[in-house]
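Subject: Structure for you to look over

Hello,

Here is the structure I promised to pass on. Please open it first, then read my notes below.

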Amino acid sequence: MAGSQATASAAEDIASMPEFIAVVPARFGSSRLPGKPLLEIAGEPMVVHVWRRACQSQANRVVVATDDTRIREALLPYGAEVVMTAAEHPSGTDRLAEVADTLALGDDALVVNVQGDEPLIPPALINQVAQRLADDPEASIATLAESITDIEALFNPNVVKVVRSLQGRALYFSRAPIPWDREHFASRPELLETDAWLRHIGIYAYRAGFLKDYRDYPPAMLEQLEQLEQLRALQQGHVIQVALACAVNPPGVDTAEDLERVRQLISADDQEEK
C-alpha cells in the first residue's frame, strides 16, 4: 500500500510540473578551456553529460544551442536536438533569445538555461527553477541560491552573492559580501555565525517574452560595474525569483583542475553503479 501511495505521489508531482524547455548553450570558444564542450569525460564529450542530465529532468524538450558544427556533429549520434546560433552573442541570455525566435516560442513559454559546463547538475534543480518561475506570474526570471557558510567564499569576488525579499524576490546581486555586517565585518571575522548570506547558483528560468525584450536593453551601469548580466534585468524593473536550492549543486568546469576533479567524480560514480 505504501509503495502504491508513493508511486501515486510521484505521478502527481510530475503532473503538476509546468511545461518547459531546457536549453544547453554550448559555445566552442573559451579563454581558459578552448573547445570546452567537447572535452572528454568518461569517454564522452562534456556537453553530452550536461544534455543527458537535462533529459533526466521533467523538461518537455531539451535543446543544445551551439555556434559550432563540431559540437553539433558530436551530439547527433546521441539523438540530441541541436539549434545552431550566431557566434557573436555577447551573453548566454542573448543566445537563448535567438533560440526562442528559432523555435517560435510564445511569450509565456518557460525556458531553462542549463549551463553547458555543469556536467554534474542535479535534474531536480532544473525542475525546481522552472517551477519557481511558474509559481510567480509577475516574475520574468527565476534562479537558485544556497547558504554561504565559509568566510573565504563570502569575501571571494568570484562567488556571486544575492539578497532577496521575504517573497523570495531578488533585491540585488553582487560580488561583494552582501549584506554587510556592520558590527562584525570592520575586522574580517574568522567564522560566519548565521546563514544570512546566500551564494547565487547560475541556473535560470526565463519567460520567452522577456528574452525577446532583453536584447533591446542597453547594458546597465550596475551590470557593467559588477560584470553580472542579471543586473540588467533588475535595473529594467523585472522581477527575479530566487529559491533555495533543493539539492547540492556540484561545481562546474571552469579550469583544467575543475575538469580533472569532475572526471574523477564521474569515474567514481560509474564504478559504484557497476
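Let me start with strand pairing. E8 and E10 pair in the antiparallel sense, over two bridges. Val-162 has Leu-198 in E10 as its bridge partner. One caution before going further: this is a predicted model.

E8 has another neighbour. Four bridges join E8 (residues 161-164) to E9 (residues 170-174), and these two also run antiparallel. Lys-161 stands opposite Ser-174 in E9. E8 and E9 form a hairpin with five residues between them. In the turn, Gly-168 has a positive phi of about 85°.

Now to E7, strand 139-147. Seven bridges join E7 to E10, and the pair is antiparallel. Leu-144 has Ile-201 in E10 as its bridge partner. E7 is also joined to E11 by six bridges, but E7 and E11 run parallel. There, Ile-141 stands opposite Ile-240. E7 is mostly covered: of its nine residues, seven are buried.

Next, the helices. H5 covers residues 123-135, which is 13 residues. At 1.5 Å a residue, H5 should span 18 Å. Its end C-alpha atoms are 19 Å apart, which agrees. The buried residues of H5 include Pro-123, Leu-125, Ile-126, Val-129 and Leu-133. Asn-127 and Gln-128 are buried as well. What covers the buried residues of H5 includes helix H2 (46-55) and the strands E6, E7, E10 and E11.

H4 runs over residues 92-102. Its buried residues include Thr-93, Leu-96, Ala-97, Val-99 and Ala-100. Asp-94 and Arg-95 are also buried. The buried residues of H4 pack against the strands E1, E4, E5, E6 and E10, and against helix H7. After H4 comes Ala-104, with a positive phi near 55°.

How many cavities of 30 Å³ or more does a search of the whole structure find? One. The lining is made of Thr-93, Ile-141, Tyr-204, Tyr-206, Phe-210, Tyr-214, Glu-229, Gln-230 and Ala-233. By class, that lining has six nonpolar, two polar and one charged residues. Strand E10 (198-207), helix H7 (208-214) and helix H9 (230-235) each supply at least two of the lining residues.

Last, some backbone points to check. Most residues other than glycine have a negative phi, and most peptide bonds are trans. These places depart from that:

- Ile-178 and Pro-179 are joined by a cis peptide bond, with omega about -5°. Pro-179 is in the loop between E9 and E10.
- Ala-42 has a positive phi, near 55°. Ala-42 is in the loop between E2 (40-41) and E3 (44-45). Its relative accessible area is 42%, so Ala-42 is partly exposed.
- Gln-227 has a positive phi of about 60° although it is not a glycine. Gln-227 is in the loop between H8 (221-226) and H9. Its relative accessible area is 56%, so Gln-227 is exposed.

Best wishes

How values were computed:
Residues numbered from 1 in each chain as written. Predicted model: local features only at pLDDT ≥ 70, side-chain atom pairs only at ≥ 80, totals over all residues. Heavy atoms only, no water. 1 Å grid on protein atoms, 1.4 Å probe; cavity = no way out; pocket = protein on both sides within 12 Å on 5 of 7 lines; lining within 4 Å. Points joined across faces, edges and corners; volume = space filled by probe spheres on them. Nonpolar A, V, L, I, M, F, W, Y, C, P; charged D, E, K, R; others polar. Expected span 1.5 Å × (residues − 1). Buried < 20%, exposed > 50% of the residue type's maximum accessible area, 1.4 Å probe, protein only. Contact = heavy atoms within 4.5 Å. Pairing = 2+ DSSP bridges.
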